[in-house]
Amino acid sequence: MDGVTDGSYRECLTALFGGRSGISLCVSEFVRVTRQPVVERVFLRHCPELARGGKTRAGVPVFVQLLGGEPHWMARAAETAVALGAPGIDLNFGCPAKTVNSSDGGATLLKDPCRVEAVTRAVRAAVPAELPVTVKIRVGWEDPSPVVEIARAAEAGGASWLTIHGRTRRQLYKPPVDYEAIGRAQAAVSMAVVANGDLFGVPSLFEAAQRSGCTAFMIGRGAMGRPELFARARGTQRAALDPRPFEALLDVYADTLLASGANERNTLGRLKQWLRMAAMLRADMKLAFEQCKRLQTLDEARAKLREILLRDPSEPLELAG
Ligand SMILES: Cc1cc2nc3c(=O)[nH]c(=O)nc-3n(C[C@H](O)[C@H](O)[C@H](O)COP(=O)(O)O)c2cc1C
C-alpha cells in the first residue's frame, strides 16, 4: 500500500513468529511508469529487497508493482525490475487516486478492458516465462458489471493470476465489498483469482471464501491492525498479538526505517500512518494514535507508545472521544 507498507514494514511483518508469519507473498508499493524509462534507483527505493534477491530476510518473495497505461513503457520497466532481481511483476489497475487516474494510470484502464489486455500482454512478453506477471483490479469503474470482461482481458493478456479488490473505483473505500462479483470473475477464468477487500479477521476470510469461491486472499489494511492474521488463518497462531509484542513490533519498525536511511521526521510520519490504520481494528491502537498524532518528535512518540502499550493490563483503556 502506497505510503504505508514499505520495505521496513514488510521486513517486520514477515519476520513475525520467527519467520512463520503466514505471509506467502508481498507486493511493493506501486512504481509509477510514464513515457520514459524508470531508473534503477527508483526500483531499489520502492523495493529494497531487490538487493537481496527480491525476498525479505524471512525469505518471502516481493513482487514489484508497476502502475501505468503505456504497454511499451510498462514492458521496459518490467525488464529493468526483472534484471534487478524481481521474482515477479504485479500490474496495478486498481488505484483510485484522482491524480493517478487523470494521468492515465490505475483504475482508469478498467474503462477499457482491451487496454488491460494490451499492457498485460506487453509486460508478459518482456518477462521470462518462469516469472509470474500478475494483475490487480477493482470490480469496475462505475459498477461491477464489467468484472468478467476485465478478468478475461487480463487472462487473455497472459496474467498468471488476478487479484480483485471487490469495490468499484466510484466506491473508493466505501462499503460494501462485492465478493459475489469476485466470484463471477473466478468462475469465468481458469487462472486463480485472489480475493481482496475488508479482510480484517478470520471470520471475514471465511465469508469471502464462501461468497466468492476463492481460496487465495490478499490482505492490506487488516495486516496493520492484525499482523497475526495470516498466521491465524493458517492455524499456526491462536491469539491476537498482545500490546507488548505489538509495541516491540512498532519499535523494531522505527529502528528498521532509521537503519534504511529514513530521517526521524519521515519515520515518525510512517509510524503514525501505521497507528492510524491499526486504530481501525484495535482499541489500544486507537488510543495510541490519538495520543501520538500531534507529537512532533519520534522520541516522544516512542515514549508514548511504551506508556500506552506496556501499561499494566489490569488498568482499563480509556478511549478519547
Ligand atoms: C493508503 C493505501 C495505499 C494503497 N496503495 C496501493 C498500492 O500501491 N497498490 C495496490 O495494489 N493497492 C493499493 N492499495 C489498495 C489495497 O491494496 C487494497 O486493495 C485495499 O486497501 C482493499 O484491501 P484491504 O481492505 O485489505 O485494505 C492501497 C490502499 C490504501 C488504503
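The structure is a predicted model, in which local features need pLDDT of at least 70 and side-chain atom pairs count only at pLDDT 80 or more, while totals for chains, interfaces and linings use all residues. Residues are numbered from 1 along each chain as its sequence is written, and side-chain values use heavy atoms, with hydrogens and water left out.

We begin with the ligand. It is surrounded by 17 residues, of which the closest are Asp-2, Gln-65, Asn-196, Asp-198 and Arg-221; a residue is taken to be near a molecule if one of its heavy atoms lies within 4 Å of it. Sorted by class, this shell holds seven nonpolar, six polar and four charged residues, where Ala, Val, Leu, Ile, Met, Phe, Trp, Tyr, Cys and Pro count as nonpolar, Asp, Glu, Lys and Arg as charged, and the others, Gly among them, as polar.

Several polar contacts (pairs of N or O atoms within 3.5 Å) can then be picked out. An N or O atom in the side chain of Asn-196 is 2.6 Å from an oxygen atom of the ligand, a polar side-chain atom of Lys-136 lies 2.9 Å from a ligand oxygen atom, and a polar backbone atom of Phe-30 is 3.4 Å from an oxygen atom of the ligand. On its own the ligand has 610 Å² of accessible area, and the protein covers 87% of this, the areas coming from the Shrake-Rupley method with a 1.4 Å probe.

Next come the helices, which are DSSP runs of H or I with at least four residues, just as strands are runs of E with at least two, numbered from the N terminus. Axes are lines fitted to C-alpha atoms, for helices over the stretch in contact, and angles run from 0 to 180 degrees between N-to-C directions. The axes of α7 (residues 179-188) and α8 (residues 202-212) come within 7 Å and cross at roughly 50°, so these two helices are oblique to each other. For α13 (residues 283-292) and α14 (residues 298-309), the axes come within 10 Å and cross at roughly 150°, and this pair is therefore roughly antiparallel. Here angles under 35 degrees count as roughly parallel, over 145 as roughly antiparallel, 65 to 115 as roughly perpendicular and the rest as oblique.

Finally, consider the loop between β5 (161-168) and α7, where Pro-176 lies. A cis peptide bond, with omega about 0°, joins Pro-175 and Pro-176. Leu-172 also lies in the loop between β5 and α7, and the phi of Leu-172 is near 55°, a positive value in a residue other than glycine.

Methods:
A polar contact is a pair of N or O atoms within 3.5 Å; within protein, one must be able to donate a hydrogen and the other to accept it, and residues adjacent in sequence count only if both atoms are side-chain atoms.
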